Amino acid sequence: MFFRPRLLDSFNGYNRTLFTKDVLAGLTVGVVALPLAMAFAIASGLKPEAGIFTAIIAGGLISLLGGSRVQIGGPAGAFIVIVYGIVERYGVPNLLLATAMSGVFLFLMGMFRLGTLVRFIPIAVIIGFTNGIAFLIGLSQIKDFFGLQIEKMPAHFFEAVHALYLAADTFNPIALGVASGSLALLIFWKLFQSRLGWLSHLPGTVVTMVLATMVTSVFSLPVETIGSRFGGIPSGLPSFEWLPINWDSAQYMIAPALTLALLGAIESLLCARIADGLIHDRHESNQELMAQGIANFTIPFFGGMPATGTIARTVTNVESGASTPIAGLVHAVTLLIIVLFGAPLAKNIPLASLAAILMYVAWNMGEWRKFIDLKQFRLPYRITILSVFILTVVLDLTIAVQVGLLLAFITFIYRISSLSRCEIALASDFPGLSNQQGRIDAYRIHGAIFFGAVKLLEKIEANLPSHTLLLDLKNVIYIDTSGMDTIMELAHLCKIRNIRLLICGLAHQPLEMAERSNFIATLPPDSFYPDLISGIEAATT
């Protein structure tokens, strides 16, 4: 079926026990999502409610329409750097337009069954840009972590470092104390959570945010809060508003929208694969992309930000006992209830505490151990991962991914071409070739004959026999258009020099390619043999 949400397949054998587990898991994830949604929005240069509305509306749509049973959608740390850059360069209205356009791209990717193609992105590229994004998230939070007086953090790396350097003497020791205490509590909670008894069921991020808010309020600490910077968050959902769309703006948003779509597709499908491993299930990648597309197209009309699958909240969902998308819907409803009845309390949340939470998320988001283990990998892998990381940090994620894919592409071509080989058949293995060297030569080709390995046939052209040339293609698994053209050029050269060409073992994909290119029709009927032995017999009789 073209469009079938996983929710429709989740009620077979569903009972009250599973429903109870889904509800409890949804409540837990909803509470966990609250501080993260606000922190991600603030770090992206938006108001905190943008993150919460995204978690409610987009998160609910992803669970309702998605292709995974347990994935939780919403604002993600991976988007922070991209969204912040778009907001700074183009403004919030154009961010909303880019988000809606990315939703269209995501839906089309799913509709045209391109979900599996995302899996072809090499792990070195994914690790490189994930670590780069994590590094930039940490860098962006230094301002609030130390309470620095910077009106607006620049989006680019060198400008951001320069701004932090100039503001170094404006740090707020109270804010640093709140942030350091929050970070220490997060680490403590993670290390000793299993020993805390019934408290172990409470999320560390929520405990940290609540305690930091209480301390800030009770002692009236002179630190920035959500209330002092944003005036709090509204106690209700936003109204629907049409986006101001015009071609002059849209044409500049195509590249950012494609970046958001690509990153959203990668993040959501990686998250879904992780969830599959936890619940021993298989997600439907194309359905997931279509759901992500609908969610990202819808949320800008309510003032939200880009959404995707979120690994931390999805893992929390699974660990809390979720088994169907009902848990994700409960998570969205939980956030809605918190907004409706608890919004006034959010104004006292210190931004230093949220900065500590984001730094903690960034640290866990990055795969830093891969950098430590780089010496174990081949040089091309090291060059790819480091290039993508450095370009993500210094320049732009889009450029980093493009360069990473190019490096991976070159590495792949080199490795595949090195696996292809051409060997001359020896008389010791084939007695029929005895005393025929230079007159009748046979070559055995292994691997793939593609544009990166055509040099194998070019070497044969330089050493053509005087009477008959045999090509054994039995061990050739693939021939592309360039490879077929090279074979046809070799056949033409043999014809000019009056050399008989025999093709042996042509089967499967190489045979199909030979038929499609009309190569078979260019040679006499007695030019094709099932194996090299029969070809040698025909050449020597």
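In this predicted model, D472 and R444 form a salt bridge (a side-chain nitrogen of Lys or Arg within 4 Å of a carboxyl oxygen of Asp or Glu), and their closest N and O atoms are 3.4 Å apart. The pair links distant parts of the chain, with D472 in strand β5 (residues 468-479) and R444 in strand β4 (residues 440-449), 28 residues apart. Helices (H or I, at least four residues) and strands (E, at least two) are taken here as DSSP runs, numbered from the N terminus. D472 counts as buried because its relative accessibility is 3%, whereas R444, at 27%, is partly exposed.

Residues are numbered from 1 along each chain as its sequence is written. As the model is predicted, local features need pLDDT of at least 70 and side-chain atom pairs count only at pLDDT 80 or more, while totals for chains, interfaces and linings use all residues; side-chain values use heavy atoms, with hydrogens and water left out.

The whole structure holds 11 salt bridges. One of them joins the side chains of R229 and D144, at 2.8 Å from N to O. R229 lies in helix α10 (residues 226-230) and D144 in helix α6 (residues 142-146), so this pair ties together parts that are 85 residues apart in sequence. D144 is buried, with a relative accessible area of 10%, and R229 is partly exposed at 29%. The two residues also belong to a network of salt bridges that links K143, D144, E224 and R229.

E512 counts as partly exposed at 43% relative accessibility, while R516 is exposed, with a relative accessible area of 59%.

R119 is placed in the loop between α4 (92-111) and α5 (123-140), and its relative accessibility of 37% makes it partly exposed. Leaving out residues up to four places away in sequence, R119 is in contact (heavy atoms within 4.5 Å) with R273, H283 and S285. I266 is 147 residues from R119 in sequence, yet the C-alpha atoms of the two are 7.9 Å apart in space. S285, one of the residues touched by R119, lies in helix α12 (residues 285-298) and is buried at 6% relative accessibility. With the same exclusion of residues up to four places away, S285 touches G115, T116, R119 and L269.

Two loop residues carry a backbone angle worth a look. Most residues other than glycine have a negative phi. S220, however, has a positive phi near 50°; this residue lies in the loop between α9 (204-218) and α10 and is exposed, with a relative accessible area of 60%. N518 likewise has a positive phi, near 65°. The loop that holds N518 runs between α21 and β7 (528-529), and N518 counts as partly exposed at 48% relative accessibility.

At the level of the whole chain, there are 22 helices and seven strands. The C-alpha trace spans about 100 × 60 × 55 Å along its principal axes. The radius of gyration, taken over C-alpha atoms, is 30 Å, whereas a compact globule of 541 residues would have a value near 24 Å, by the rule of 2.2 Å times the number of residues to the power 0.38. Among contacts with a separation of 6 or more, 82% are between residues 24 or more positions apart.

The accessible surface of the chain comes to about 25,400 Å², and carbon and sulfur atoms account for 63% of it; areas come from the Shrake-Rupley method with a 1.4 Å probe, and for residues only the protein chains shown count as cover. The chain has 34 positive and 34 negative charges, whose mean positions are 6 Å apart. Lys and Arg count as positive and Asp and Glu as negative, without His and the chain ends, and each charge is placed at NZ of Lys, CZ of Arg, CG of Asp or CD of Glu.

Notes. Buried < 20%, exposed > 50% of the residue type's maximum accessible area, 1.4 Å probe, protein only.
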